[in-house]
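Open the model in your viewer and keep the selection panel at hand. The tour goes stop by stop.

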Amino acid sequence: MGAGFSGFAAESEGGDSLPKPGLGDLPESCVSSILMYLDPPDICKLARLNGAFRGASSADFVWETKLPSNYRYLIDKLFDKVPVNLTKKDIYARLCHHNRFDGGSKEAWLDPRTNAIFLSISSKALRITGIDDRRYWSHIPTEESRFRTVAYLHQIWWFEVGGEVEFCFPVGTYSLFFRVQLGRASKRLGRRICNPEHVHGWDIKPVRFQLSTSDGQHAQSQCYLSEPGNWSHCYAGDFIVENPNVPTKIKFSMTQIDCTHTKGGLCVDSVLICPSGSKL
């Protein structure tokens, strides 16, 4: 066996050397099987290598492993009209967009880093006590919100913001946050400034956050609001999803109802639901 190998090596070193195989010689099916184990950004990078990798990177069975298990529900929920010839790669790409639904008051998207679903709910989809009275609240435009508007509190005694959403989440543990900011931000001479004119009352008593789900889960937390001029994600609690095909109904609230003092100067942007431990 050793002699045979030596003869092969000698022949290769002579004039009749065998051509070295390259990446382009790999069968497309073999490449697809390898790409299944990579993350979507890496798959897209390798697709630029050559035709074999480009073709393999579009295989349905590669992208089906990256899609949430209930992606058909997400298609029906988030896409208005879906062409019948959409590939799994096309579906994945569309889910990675910030898809509006419920009249544009909510957004859901797939995070390409984690293949996890994120859900955001606009302030206009929340129940806000006194929102129709301009003495207390205003809807103000801003580029700092994905919904291009936030609810701004001038002053009020009874602060209560709540809402609910029903959605089929993939299996996992999820966290719910309120995105808020003390002070009203604007731009002057191209620089961001924050007006703290109406900010008061938040250092006297903490704000309470609560959530409950249709399957009996409950969570609550509380904190003092501080750091005017900075957007904060205030943590309300976690809930667990075990069945991705059954809608989970979540009710949530943010309250500070101690009527011994007024509070004001708060921007309420949205509610964010995302997999626990996600980078915000």
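This is a predicted model: local features need pLDDT of at least 70, side-chain atom pairs count only at pLDDT 80 or more; totals for chains, interfaces and linings use all residues.

Is Lys-106 buried or exposed? Lys-106 is buried, because its relative accessible area of 9% falls under the 20% cut-off.

Asp-102 forms a salt bridge with Lys-106, and the closest N and O atoms lie 3.1 Å apart. Asp-102 itself is partly exposed, at 45% relative accessibility.

Next, select Asp-133 and Arg-135. Their side chains meet in a salt bridge, 2.6 Å from N to O. Arg-135 counts as exposed at 60% relative accessibility, whereas Asp-133 is partly exposed at 22%.

Then pick Arg-100, Glu-107 and Arg-146. Salt bridges link these residues in a network. The salt bridge count comes to nine.

Move to strand 7, residues 159–167. Strand 7 pairs with strand 14 (residues 248–256) in the antiparallel sense, over nine bridges. Find Glu-160: its bridge partner in strand 14 is Thr-255.

Stay on these strands and show the side chains of Glu-164 and Lys-249. They meet in a salt bridge, 3.5 Å from N to O. Glu-164 belongs to strand 7 and Lys-249 to strand 14, so this pair links distant parts of the chain, 85 residues apart. Glu-164 is partly exposed at 32%, and Lys-249 is partly exposed at 31%.

Strand 7 also runs antiparallel to strand 4 (residues 127–128), joined by two bridges. Here Arg-127 stands opposite Gly-162.

Last stop: Trp-158, in the loop between strand 6 (149–153) and strand 7. Trp-158 is partly exposed, with a relative accessible area of 38%.

Methods:
Residues are numbered from 1 along each chain as its sequence is written. Side-chain values use heavy atoms; hydrogens and water are left out. Helices (H or I, at least four residues) and strands (E, at least two) are DSSP runs, numbered from the N terminus. Buried means under 20% relative accessible area, exposed over 50%, partly exposed in between (1.4 Å probe, protein chains only). Two strands pair if DSSP finds at least two bridges between them. A salt bridge is a side-chain nitrogen of Lys or Arg within 4 Å of a carboxyl oxygen of Asp or Glu.
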